[in-house]
Amino acid sequence: MKILLLGSGGREHAIAAKIVESKQCQQLFIAPGNAGTAECGTNVDLKVDDFSGIGRFVISNNVNMVVVGPEAPLVGGIVDYFANNEKLKNVMIIGPSAAAAQLEGSKDFAKQFMQRHNIPTAAYRTFTRETLNEGLNFLNEMKAPYVLKADGLAAGKGVLILDNLEEAKHELCLMLKEEKFGKASSSVVIEQYLSGIELSVFVLTDGKHYKILPSAKDYKRIGEGDTGLNTGGMGSISPVPFADKTFMQKVEHDIVAPTIKGLQKEGLRYNGFVFVGLMAVDAEDGTKDPYVIEYNVRMGDPETESVFPRIKSDIVELFERTWQGTLNLTNLEIDDRTAACVMLTAEGYPGEYRKGDTIKGIENVKGSIVFHAGTKLNNKGGLVTNGGRVLCVTSLDNSLPTALLRSLQAAEQIKWRGRYYRHDIGQDLLKQMI
């Protein structure tokens, strides 16, 4: 089978590495890819939003399957583009339709979907520029912290959690009047703050049946102790220790099953991943209850870099079953070990950062996996930085402390000018285990 994977980050390198393990994979193309994905297959100079170019490439190269990594082409309608093209409609494409992708494309759509299907989530209201004054009054009625979310796609950076009322009002004005996050913040969701621990649960679905993938926790802030600016993610752990059998049964019964049934009921075509961002909130009986913070319609990054190495099943077979609507006829086998991922970033990230710095020391990493996120080869064939998040190191071990230690030791082997990584990934989970 010839497969085309769309995307260029660490998520795509982790997916590519798993795809080429499959006996069904005859040839893998990655568009546009990075220096790491080039070790798994052939990088193709195509943009993920160039639907016509992607279509022509698929036809001319007899591609059988397209796996969509990032959210933008899904929200933009690439699945519909294939479905409505006579020459492409039989190509297996892994991802939801544009209508279903609104679960990520619009926070307001997602909240309304959750309300319709009685899926636990925080109370909320949505405001536009025309209803700004109502939004300011709504903030007056709420208690701190104040949660403001840009309705549309904002590269994972459109969520603000603020302790000060006046600051929250100021930011709401910036989002709606000054378009702080561009068109993404033409509408803003203000919602109740939920106190608890965040985690992510990933689901692969054919629109009717589903498989629940391992849980994971990522770390968004740039600084140690979860301080500083939000990033695309500085590391991840899988599984999450407190997400035990009882908790995951709640997740499946209260969230996953109603979500898939809701998609069916509303006629939303969905053949791909559902990322469920959760808050585990303390219940009166001493257990934890899951509430949905957000949906994404693809795998997360850097969660993929800790979840995918734990998948032992043939991922291409799972994708094929997902397309065929027969996901119930195959098993999902998971490695019991813990995976710890540490992200290495360029100096200045998530603000302005340099590109083109020479990367050294990857060859010194033994027993861990190095996934490329923002890298490329220069004119001389040397590996250089090409993004804010540059590389991530994943280690698997029987215990979380050992997996973390191995990833940190491996990260220290890799050098470039201004290289940075957090040393405290997973430390909050270790404290809970004591």
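1. The model is predicted: local features need pLDDT of at least 70, side-chain atom pairs count only at pLDDT 80 or more, and totals for chains, interfaces and linings use all residues. Residues are numbered from 1 along each chain as its sequence is written, and side-chain values use heavy atoms, with hydrogens and water left out.

2. Searching the whole structure gives two cavities of 30 Å³ or more. A cavity is a set of points, on a 1 Å grid over the protein atoms alone, where a 1.4 Å probe fits but cannot get out. Points are joined across faces, edges and corners, and volume is the space filled by probe spheres set on them.

3. The largest cavity holds about 50 Å³. Its lining residues (an atom within 4 Å of a point) are Leu-103, Lys-107, Ala-110, Lys-111, Met-114, Lys-149, Val-189, Glu-191, Ile-293, Glu-294 and Tyr-295.

4. Helix 6 (107-116) gives the largest share of that lining, four residues. Strand 9 (187-191) and strand 17 (288-296) each supply at least two. Helices (H or I, at least four residues) and strands (E, at least two) are DSSP runs, numbered from the N terminus.

5. By class, this lining has six nonpolar, no polar and five charged residues. Nonpolar means Ala, Val, Leu, Ile, Met, Phe, Trp, Tyr, Cys and Pro; charged means Asp, Glu, Lys and Arg; the others, Gly among them, are polar.

6. The second largest cavity holds about 40 Å³. Strand 4 (65-68), strand 5 (92-96) and strand 16 (270-282) each supply at least two lining residues. Among the residues lining the second largest cavity are Val-67, Ile-94, Phe-273 and Arg-298. The classes here are six nonpolar, two polar and one charged.

Terms used
1 Å grid on protein atoms, 1.4 Å probe; cavity = no way out; pocket = protein on both sides within 12 Å on 5 of 7 lines; lining within 4 Å.
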